[in-house]
Amino acid sequence: MRYIKSKRGESQLGPTEEIIKADISASLEDNLLILNTLFAACSDIVIREFDFGRPETGGLIIYFDGLVNKDEIERNILRPLLLGMDILYSKGDDLIGKDIFEEVKNKIISPAELKAVKTLDKVCHHVSSGDTVLLIDGCEEGLVAGTRSWESRSIGSPENEVVIFGPKEGFNETLRFNTALIRRRLKSSNFKIESFVLGRISKTDVVMCYIKNIAPAGMIEEIKKRINEIDIDAVLDTNYIKEFITDDNKSLFSQVMHTERPDRVCGQLLEGRVCIMVDGSPMALIVPTTFSEYITSPDDYYTYFIPASLIRILRFTAFWIALLLPSIYVALIAYHQEMIPTALLLTIAASREGVPFPSFVEAFMLEGMFEMLREAGIRLPRAVGPAVSIVGALIIGDAAVRAGLVSTPMVVVVAATGIASFVSPSYNASLIVRMLRFGFLAASALLGFLGIMITLVIVLVRMVSLTSFGVPYLAPFAPLDLSQLSDILVRRPWFANRRRPYLEGMLNQTRQGNGKDDKSQ
Amino acid sequence: MRLRIIILIIIVLIIPGCNVRELDDAAIVAGIGIELEDQQLKVSLQLAQPTLPGSSSSGPGFKVASETGRSFTESLRKIMLSFPRSPILSQANLIILGEKLCSTDLALIADGSLRNPDIRKNADVVVVRAASPEDIFNTPVLMETLSASAIPKMIKNQEGLIGIYSSVTFGEFLGKLSAPGVEAVAPQVTIFNTINGKTIKLEGTAVFKGRKMVGYLNARESRGLRFLTPGRMAGGIINIPAPFNSPGTVAVELSRSQSKIKPELVDGKIVMQIECIGEGNYYEQTSPADILTLENIPILENLVEQSIKADIMACISQAQKLDSDILGWGTMINGKDPDLWKQVENNWDKIFSGVNAQITVKFNIRRAYLTDKSLLLE
């Protein structure tokens, strides 16, 4: 699929687009004609016409089958309407369109959500979203009743962010459920959910959540501006938005965080960040995101702080192992043999005897094979999963060594790297690490430790120059902020967590106590 | 900007850096031996034969390659004429110097081995006695495949357990060869016949003067040398004859000691003030007498002090006899009083043998391992 971006307002409008800009006409027949044109060949549209015993004043309801709760339409719209209109007409005959509309709106039909719309454009949008629109002859307005209801996945536990302690709820594909999951945790009127409609065809609901008085106002405006600038035909996932709104959207490093956990979103909102969610995707985006978010997991905060801190140190170590171990190994055995203890070198040398490839080719081969296995594992049908893992384990682990194609220590190194890369709580982070690992490997094959250092410097320079909505990407490390660093490298206990991490222009920094130490107040 | 970065990367890539050397094209050198043979330098390498753990290996597990040439580097590289792999010299943890080479002139190899970046300066150096380095490499050692990796372990372990010889690194050795006011020493190894065949044994400390070996210290003098090295040390057994006319020996374990040596000028003469404080544990007695009592402890301590003092004196007298300042007293004088050193520097060879030493030893027995009386008494 390829979406062609073009500037809004450029004349690409066909006849339907011309019609849709019109207002609702007073004549029901005209409206019906237009609606029939608009929804021609939409087999799931339902247009139900009726008259109230008087053919000159008829009405119709229109909805998409499958998006609505038919029971509710019947109970709250059709039945009251058919019964109520009789009573209405029995009172007098001189009612004109406008009066009927008001009577119907205020006294007769009873859906919980009800509003009046004037344009056909709105009618189309609401009908497509699962609402039911009621048009009455002689009225220039339509009534939109909220009857959205469709089959959806129930709220399950998040699949990609598994935790041991803490809430086990995850987002699903319905935006309203998702916002409700957050609202349930933040019962404050300061928790704001601003809504946008994006996508020329998809008309996807997009929301931006933040907590007023905590999130910096300038950042909210900037995010709004960037979201409003998006002009695309469809938004199917949050990643579409991510690629438009990041500061540097060609960077290897992802400057936004994905999560499917409402509790994580709440935690981030309370630190002054902004969450963006898209209808139809269970992933929420959190901006701004710094690199340190990649070594923190939400359940650090649900575990006692001492083990949580140790696990964080472990994760940090695993990050470096996943990034550098194969390249360090190749550099050691191909360039800097003097750095290996003799006994270890002898073992490595013995297993390398007869291996026909240079060590970096060996490393590339095994790493590539491992990445393929990993990628295959994601998309495997359940039934063939075990087969592939057995083949993978046998071929890579055993047969390749026995055939003398690779050496055993290399298998150990690649396996250790693989395990270390699964330690990362964020899939995004492990993606970056996976990409960089090959870069480091190439550099170490070319220049040994010198190459690793050069690459490390290049990567670091690139990382410090990145910002995510004005916040430096390596924030507590560079620029160094010791007070924040203590909650990144280890997990600060809650009683010591008195202040929010500082973001640019943040308003309210005090988390606990009376805020005497809060300079911003 | 981008162009500049690309150019920078290309420059970095074409700069000759380290060379790739795959392990299957290389041989791991465990030890380097150098000896003088027919006026030519003979370099021997002990090359470790990689064997997988678990696989049954036949043969000794190492190869020895030797070649002679006019210079150290030439001999080293001539090995390549008959050897298909490039040796990883940087793994060599032992450098063995031949007796003949040492008593001729170490300038023959000092420069070549110092310049070579692949030769570890923290490798142990030993001098071979009554054999050649090649013989040492070819002699099997108990429990170890490579004699070159066994010798540093032997030196290190005996240092903590019996405390006779001290390890000397190659860098330190070369430094002392060229520094004024201190002479080099190195432990000696020799081949030792047992009923099971030949094996290697540490024996003696080679004493150098200038660039030549002039003699050696025996075990007792070597032990004294340890106490004469400023700083802390730990480990070793001190045997003293059992006191009070009881037969047998008492062994005391030295748990730690500290030596302070400072030169002083007394009546225009240099006197070295040697202060040695040690403590240790009562370890063994070979007689049934009731030696270890509260009253006897000061006496025992005194005996140990005398024994240490005797070791120290033996070492000093042997060094002065060989006229070689292996104790580094010259540098100590230079550090304390540079003006005085300038006066004596040129005549130091002659002055050294006449320098007196004032030795104070203080020893405390700390523990007796929960046994107060010898088992034999009960």
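Select chain A: buried residues make up 49% of its 521 residues, where buried means under 20% relative accessible area, exposed means over 50%, and partly exposed is in between (1.4 Å probe, protein chains only). Bear in mind that this is a predicted model, in which local features need pLDDT of at least 70, side-chain atom pairs count only at pLDDT 80 or more, and totals for chains, interfaces and linings use all residues. Residues are numbered from 1 along each chain as its sequence is written, chains are lettered from A and ligands numbered from 1 in the order in which they are written, and side-chain values use heavy atoms, with hydrogens and water left out.

**Chain A as a whole**

Switch to a cartoon view of chain A, and you can look for 17 helices and twelve strands. Helices (H or I, at least four residues) and strands (E, at least two) are DSSP runs, numbered from the N terminus. Along its principal axes, the C-alpha trace of this chain spans about 105 × 60 × 45 Å. The radius of gyration of chain A is 30 Å, whereas a compact globule of 521 residues would have one near 24 Å. That radius is taken over C-alpha atoms, and the globule rule is 2.2 Å times the number of residues to the power 0.38.

**Backbone stops**

Next, select A:Val287 and A:Pro288, which are joined by a cis peptide bond with omega of about -15°. A:Pro288 sits in the loop between β10 (284-287) and α10 (305-334) of chain A. Another cis peptide bond joins A:Ala478 and A:Pro479, with omega at about 0°. Look for A:Pro479 in the loop between β12 (471-472) and α17 (482-485) of chain A.

A:Ala41 counts as exposed because its relative accessibility is 88%.

Now jump to chain B and select B:Asp323, which is not a glycine but has a positive phi of about 60°. Its loop runs between α9 (296-322) and α10 of chain B. With 25% relative accessibility, B:Asp323 counts as partly exposed.

**Salt bridges**

How many salt bridges does a search of the whole structure find over all chains? The count is 45, a salt bridge being a side-chain nitrogen of Lys or Arg within 4 Å of a carboxyl oxygen of Asp or Glu.

Start with A:Glu161 and A:Arg264, whose side chains meet in a salt bridge at 3.3 Å, N to O. A:Glu161 lies in the loop between β5 (142-145) and α6 (175-185) of chain A and A:Arg264 in helix α9 (residues 262-270) of chain A, so the pair ties together parts that are 103 residues apart in sequence. Are these two buried or exposed? A:Glu161 counts as buried at 10% relative accessibility, and A:Arg264 counts as buried at 6%.

Then select B:Lys42 and B:Glu134, a salt bridge whose closest N and O atoms are 2.5 Å apart. B:Lys42 is in strand β2 (residues 40-48) of chain B and B:Glu134 in helix α5 (residues 133-138) of chain B, so this pair links parts that are 92 residues apart in sequence. B:Lys42 is buried at 15% relative accessibility, while B:Glu134 is partly exposed at 22%.

Stay in chain B for B:Asp311 and B:Arg220, another salt bridge, with its closest N and O atoms 2.8 Å apart. Here B:Asp311 belongs to helix α9 of chain B and B:Arg220 to helix α8 (residues 219-227) of chain B, so parts that are 91 residues apart in sequence are tied together. B:Asp311 is buried, with a relative accessible area of 4%, and B:Arg220 is partly exposed, at 43%.

Return to chain A and select A:Glu367, A:Glu371, A:Glu375, A:Arg379, A:Arg434 and A:Arg437: salt bridges that share partners join them into one network.

**Surface patches**

Patches are made of residues with over 30% relative accessible area and no salt bridge; like charges are joined within 9 Å, and nonpolar side chains (Val, Leu, Ile, Met, Phe, Trp, Tyr) within 5 Å. Accessible areas come from the Shrake-Rupley method with a 1.4 Å probe, and for residues only the protein chains shown count as cover.

For the last stop, select B:Arg232, B:Lys260, B:Lys262 and B:Lys336, which form a positive surface patch. Lys and Arg count as positive and Asp and Glu as negative, with His and the chain ends not counted; the place of a charge is taken as NZ of Lys, CZ of Arg, CG of Asp or CD of Glu. B:Lys336 is in helix α10 (residues 329-336) of chain B and counts as exposed, at 52% relative accessibility.
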